[in-house]
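Dear colleague,

Please find below the structure that I am handing over to you, followed by an account of what was found in it. I would be grateful if you read the text with the structure open beside it.

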Amino acid sequence: MGRAFEFRKARKMKRWSAMSKAFTRIGKDIVIAVKEGGPDPDANARLRAVIQNAKSVNMPKANVERAIKRATDKNTANYETVLFEGYAPHGIAVLVETSTDNNNRTVANVRSYFNKCDGSLGTSGSVEFMFDHKCHFRIPAGDHDLEELELELIDFGAEELFLDERDEEDDNSVDGIMIYAEFQNYGALQKGLEEMGIEILSSDFEYIPTVQKELNEEQREDVEKLIEKLDEDDDVNNVYTTMKDD
């Protein structure tokens with residue numbers, strides 16, 4: 001198995017802290033998608049993907065419809081995705097992915113978390129080179145043969161496929177197949193799966209560290225204090241680090 005498999009295995013143990021946080025992120029993603037491509041999912045591939053993600057976390061259909069309607073209001077603020085880079089204690093590189101409608105607020109908050117936890121907020125490009133930017137799709141396992149499916153999807157940019165077992169904490173979860181590709185191949189892979197008639201359960205983007213550093217328990221606690229503060233911020237979508245998981 002490749003790095004994406006190991007990364008997925010580790011992060012699967014760290015589910016979104018609360019369902020409301022997942023709903024908040026999807027609400028922002030809907031606004032971004034609608035502002036970019038309109039409110040019709042059939043004509044807006046990005047919105048289709050967000051709606052699939054909403055289903056994967058059991059977000060009520062009524063919530064999705066309200067979010068789409070709200071996004072069509074020209075008075076609704078748009079969100080932009082902003083990536084922050086820095087260092088946690090003990091030389092651990094940190095990427096903080098945010099969606100914000102007020103960049104000044106988000107910058108101030110993120111900087112304060114780094115400062116309070118003995119870290120330092122860096123400049124653009126200071127640590128991003130330590131991560132590979134990937135996209136991924138999750139489809140039902142069904143009766144797919146992984147090797148055959150991989151051969152079919154290589155032309156659409158697929159790099160790594162592996163079985164992803166159902167989440168035992170979610171009664172609606174099913175066994176799936178994870179498909180990873182380079183960030184820029186997201187659209188081609190989405191189109192390929194749709195043309196093949198394969199259901200997409202969810203999709204997203206991730207930063208996978210190319211190198212990881214092992215810390216002792218006390219050092220890990222120092223880094224996790226920063227991660228926890230960042231995760232609690234509503235503007236923060238994901239936090240990625242070069243700290244090696246247990």
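Arg25 and Asp29 are both buried, a word used here for a relative accessible area under 20%, with exposed meaning over 50% and partly exposed lying in between (1.4 Å probe, protein chains only). The two residues form a salt bridge in which the closest N and O atoms are 3.5 Å apart. A salt bridge is a side-chain nitrogen of Lys or Arg within 4 Å of a carboxyl oxygen of Asp or Glu. Arg25 and Asp29 both belong to helix H2 (residues 19–37), where four residues, about one turn of the helix, separate them. Helices (H or I, at least four residues) and strands (E, at least two) are DSSP runs, numbered from the N terminus.

Please note that this is a predicted model, in which local features need pLDDT of at least 70 and side-chain atom pairs count only at pLDDT 80 or more, while totals for chains, interfaces and linings use all residues. Residues are numbered from 1 along each chain as its sequence is written, and side-chain values use heavy atoms, with hydrogens and water left out.

Further salt bridges

Side chains of opposite charge can pair when their charged atoms come close. The count of salt bridges in this model comes to eleven. One of them joins Asp235 to Lys28, with the closest N and O atoms 3.5 Å apart. Asp235 sits in the loop between helix H8 (217–231) and strand E8 (236–241), whereas Lys28 is in helix H2, so this pair ties together parts that are 207 residues apart in sequence. Both Asp235 and Lys28 are buried. These two residues also belong to a network of salt bridges that links Lys28, Asp101, Arg105 and Asp235.

Another salt bridge brings together the side chains of Lys134 and Glu159, at 2.7 Å from N to O. Because Lys134 lies in strand E4 and Glu159 in strand E5, the pair ties together parts that are 25 residues apart in sequence. Lys134 is buried, with a relative accessible area of 9%, while Glu159 is partly exposed at 39%.

The sheet

In what order do the strands of the open sheet lie? The four strands follow the order E5-E6-E4-E7, with antiparallel pairing; two strands pair if DSSP finds at least two bridges between them. Strand E5 (158–164) and E7 are the edge strands, each pairing on one side only. From one strand to the next, the twist averages 30 degrees. Axes are lines fitted to C-alpha atoms, for helices over the stretch in contact, and angles run from 0 to 180 degrees between N-to-C directions.

Six bridges join E5 to strand E6 (residues 176–182), and Leu161 stands opposite Ile179 in E6. Helix H6 (residues 146–153) packs on the sheet, where it touches strand E4 (131–140), E5 and E6, and its direction makes about 150 degrees with that of E5. Contact means heavy atoms within 4.5 Å. Helix H7 (residues 186–195) lies across E4, E5, E6 and E7, and runs at about 10 degrees to E4.

Strand E4 is mostly covered, with eight of its ten residues buried. Seven bridges join E4 to E6, and the bridge partner of Lys134 in E6 is Glu182. E4 also pairs with E7 over eight bridges, in the antiparallel sense. Among the residues of strand E7 (residues 202–209) is Ser202, which counts as buried at 14% relative accessibility.

Aromatic pairs

How many aromatic pairs does a search of the whole structure find? The search finds five, where rings of Phe, Tyr and Trp (its six-membered ring) pair if their centres lie within 6.5 Å; planes under 30 degrees apart count as stacked, over 60 as edge-to-face and the rest as tilted. The ring centres of Phe137 and Tyr186 are 4.9 Å apart and their planes are at 25 degrees, so this pair is stacked. Phe137 in strand E4 and Tyr186 in helix H7 are 49 residues apart. Phe137 is buried at 0% relative accessible area, and Tyr186 is buried at 13%.

Phe162 and Tyr180 form another stacked pair, 5.9 Å centre to centre with 20 degrees between the planes. This pair links strand E5 to strand E6, and both of its residues are buried. Finally, Phe137, Phe183, Tyr186 and Phe205 form one aromatic cluster.

With kind regards
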